Amino acid sequence: MDPITNPFAPGAGTPPPELAGRDALLETVRVTIERIRLGRPSKSVLMVGLRGVGKTVLLDRMRDEAEAVGIHTLRVEAPENRSLPAILAPQLRQTLLRLSRNAKAKELAQRALRGLAGFAKALKMKYQDIEVGFDFDPEPGLADNGDLEHDLQALLEAAGAAAREAETAIAIFVDELQYVEEEQLASLITALHRTAQRQHPVVLIGAGLPQLRGRMGRAKSYAERLFDFPEIGALSPDAAQQALVVPAREQSVEFTDDALDRIQTETQGYPYFVQEWGKHAWDVADTSPIELADVIAASTSAVAALDESFFRVRFDRLTPMEKRYLRAMAELGAGPHRSGDIADVLDRPVTSLGPTRSSLINKGMIWSPNHGDTAFTVPLFDQFMHRIMPDQSWRS
Ligand SMILES: Nc1ncnc2c1ncn2[C@@H]1O[C@H](COP(=O)(O)OP(=O)(O)OP(=O)(O)O)[C@@H](O)[C@H]1O
Ligand SMILES: [Mg+2]
């Protein structure tokens, strides 16, 4: 089929032609945001899931839907090694400037902008990466203690007060939340707790790897009560089928049932893989319907494409010891695995591998579903490790 009209869209954060199987979650978040706008209690939502399950595209879709009904949104991604106040401040400024154009909210929005100026100045010592424009002079005593926990709380309260006046809400969308330092997470939790208590319309919609849940709980023990943690996983067989069939049908292209079954087996319903297989099967097939033989032929190029991008970008960030650790995990299969078993494969004492395991968790490569267990955060990474390190030289 013509590659120019190929609808499938594998890629980090690339919107799929059909966002399948997520309607219930989209509706939950819509209700949450509308409740927050009315000042009714509602938990913030943190979506957790493995790499490539569609967290980023969900956040973007939720944000678009919120903007469309007049919610003021902020959208940030927490990169490794940047502080939360630094990534939030410029976005919050934009939001407050927009709010200040609303006649009812103007004064309170300007007050919040004064708060933001004080916030940035006071925290600059500790978080040197804060860069934000100042529209007003700080108001002494407003969010300017130099203590993130206190100041973020004061700032979000001021912002929430402005949003309430405008009968809207502020929805903060944060991707890759697992990379935020625990201390900064704690401040964010406290601030949201406070705005919730005061019924200010501020809500967090976040996404992150599965370790996020534990990190939140360690940052503040009451986080579990303040947030919902919906798990985003592989698509159900029906949803995966829909993700393939709907975009193809729009161009009068069909899949045979065998072809769909085979894609399901190969991808296990993981959205990134579904897009990759859809794309390659489309390119391989000469005519509609796309058949089993097309999918079989496409598997080779789909795997090669994943190895070059989705898997490779993660692998390239690892130290030699981290690679060996992951290869030892792969030797045991898909996982999760006991730390002791992984150490046995490497013929090392468990304790000597603690630092490697920790740094792999920090890099977002593995996580711990239960105490002492270790699992990959990237679906099918075990098979990739076998392909990329095929011989046994990693053992020594
Ligand atoms: N519900 C869905 N139906 C079909 N395709 C989807 C769905 N969700 C995501 N995808 C596709 O899966 C791929 C990965 O999506 P996305 O980048 O949002 O995942 P992610 O969970 O944010 O991954 P990462 O943890 O690596 O950031 C994209 O190509 C996207 O188009
Ligand atoms: Mg993402």
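**Figure 1. Salt bridge between arginine 111 and glutamate 139 in a predicted model**. The two side chains meet at 3.4 Å, N to O; a salt bridge is a side-chain nitrogen of Lys or Arg within 4 Å of a carboxyl oxygen of Asp or Glu. Distant parts of the chain are linked by this pair, with arginine 111 in helix H4 (residues 106–123) and glutamate 139, 28 residues apart from it, in the loop between H4 and helix H5 (148–165). Helices (H or I, at least four residues) and strands (E, at least two) are DSSP runs, numbered from the N terminus. Arginine 111 is partly exposed at 32% relative accessible area, and glutamate 139 is partly exposed at 24%. Buried means under 20% relative accessible area, exposed over 50%, and partly exposed in between (1.4 Å probe, protein chains only).

**Figure 2. Salt bridge between arginine 75 and aspartate 60**. The closest N and O atoms lie 2.7 Å apart. The pair connects distant parts of the chain, namely strand E2 (residues 72–77), which holds arginine 75, and helix H2 (residues 55–68), which holds aspartate 60, 15 residues apart. Arginine 75 is buried (17%), whereas aspartate 60 is partly exposed (27%).

**Figure 3. Salt bridge between glutamate 331 and arginine 327**. The N to O distance is 2.6 Å. Both residues belong to helix H14 (residues 320–332); because they are 4 residues apart, about one helical turn separates them. Glutamate 331 is partly exposed at 30%, while arginine 327 is buried at 2%.

**Notes.** Residues are numbered from 1 along each chain as its sequence is written. In this predicted model, side-chain atom pairs count only at pLDDT 80 or more, and side-chain values use heavy atoms, without hydrogens and water.

How values were computed:
Chains lettered and ligands numbered in written order. Predicted model: local features only at pLDDT ≥ 70, side-chain atom pairs only at ≥ 80, totals over all residues.
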